Amino acid sequence: MTVNFSLVLPCYNEELNIIHLYEEFKNIPDKNVKELIFVNNGSTDKTEENIDKVINQSNHEKDSNLIIKKLNLSKNQGYGGGIKAGLEVAEGDYIGWTHADLQTPLLDFYKLFNLIKNKKKIFGKGVRTNNRGYFGLISRFHEFLASKILGYNLKEINAQPKIFSKDVLKLFTNMPLKWTTLDTYVVYICLQNNIEIVEMGVVFNNRIYGESKWQNNFSNFIKHIFFNLVYLVQLRFQKNK
């Protein structure tokens, strides 16, 4: 069975979002087989229970073209760790991820897929087009540092969604697990290997349920900035095969 595309959703305490994510993915207008992978990344709420509910619902729907998977990580493996676990079991010809916070419509993933399908050495990513105020300024600061340290003109590094072919996935041999450094890593590796990067404008919506795991915690925010800076220097000088 050929799976058209696989979408990995890392979930940490996203119990209220699960059913909405499932409905959004189910309504993507693609008649081929598509795969949704929920990664329950050490949640302490009812995230796992609600994932089980939508899997059961999907299994009872007739003529469904969905494959819904659940990975249950008993301990939180970090942002990159949750995504990496999902990528490892993905079966799609094209594979990617986005956040599970409903800030990025899952339809954007499908739109981006349609821009890159039928190509092998290609990487697609979103570019946020709306003004996000203070957090937008933080993003611009991170992009400035990343561009200077890594030697490429980088923009909207952490924007979602991201999607790429199986061939490109093979290049990601040293994926970082902590914070949001995975996004920087994959874009940098693609640039190093002359992979075509296709960008698509997206709107970053406000959160409806839950809260950011680092933006609303000053201590975590400072650690996030510091860790990303250290990682940028490490990434610049590491040897990638």
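**Close-up views of side-chain contacts**

**View 1. Glu 14 is buried, at a relative accessible area of 6%.** Buried stands for under 20% relative accessible area, exposed for over 50%, and partly exposed for what lies in between (1.4 Å probe, protein chains only). The model is predicted: local features need pLDDT of at least 70, side-chain atom pairs count only at pLDDT 80 or more, and totals for chains, interfaces and linings use all residues. Residues are numbered from 1 along each chain as its sequence is written, and side-chain values use heavy atoms, with hydrogens and water left out.

The partner of Glu 14 in a salt bridge is Arg 207, with 2.8 Å between the closest N and O atoms. This pair links distant parts of the chain, 193 residues apart. Glu 14 sits in the loop between strand E1 (3-11) and helix H1 (18-26). Arg 207 sits in the loop between strand E7 (196-202) and helix H8 (218-237). Helices (H or I, at least four residues) and strands (E, at least two) are DSSP runs, numbered from the N terminus. Arg 207 is partly exposed, at 22%.

A salt bridge here is a side-chain nitrogen of Lys or Arg within 4 Å of a carboxyl oxygen of Asp or Glu. The count comes to 16 salt bridges.

**View 2. Lys 26 and Glu 61 form a salt bridge.** Their closest N and O atoms are 3.3 Å apart. Lys 26 belongs to helix H1, and Glu 61 to the loop between helix H2 (47-59) and strand E3 (66-73). The two residues are 35 apart in the chain. Lys 26 is partly exposed, with a relative accessible area of 25%. Glu 61 also counts as partly exposed, at 25%.

View 3. Glu 88 is exposed, at 55% relative accessibility. Lys 84 is partly exposed, at 26%.

**View 4. Four charged residues are linked in a network of salt bridges.** The members are Arg 128, Arg 140, Glu 143 and Glu 156.

**View 5. Trp 97 and Phe 164 form an edge-to-face pair.** The structure holds eleven aromatic pairs. In this one the ring centres are 6.0 Å apart and the planes lie at 75°. Rings of Phe, Tyr and Trp (its six-membered ring) pair if their centres lie within 6.5 Å; planes under 30 degrees apart are stacked, over 60 edge-to-face, and the rest tilted. Trp 97 comes from strand E4 (residues 92-97) and Phe 164 from strand E6 (residues 162-165), 67 residues apart. Trp 97 is buried, at 0% relative accessibility. Phe 164 is buried too, at 0%.

**View 6. Phe 123 stacks with Phe 164.** The distance is 5.7 Å centre to centre, with 0° between the planes. Phe 123 lies in strand E5 (residues 122-128) and Phe 164 in strand E6, so the pair ties together parts 41 residues apart in sequence. Both Phe 123 and Phe 164 are buried.

**View 7. Six rings form one aromatic cluster.** They belong to Phe 5, Phe 25, Tyr 94, Phe 109, Tyr 110 and Phe 113. The charged end of Lys 34 sits over the ring of Phe 25, 5.8 Å from the ring centre. A charge sits over a ring if NZ of Lys or CZ of Arg is within 6 Å of the ring centre and within 35 degrees of the ring normal.

**View 8. The charged end of Arg 236 sits over the ring of Phe 237.** The distance to the ring centre is 5.4 Å.
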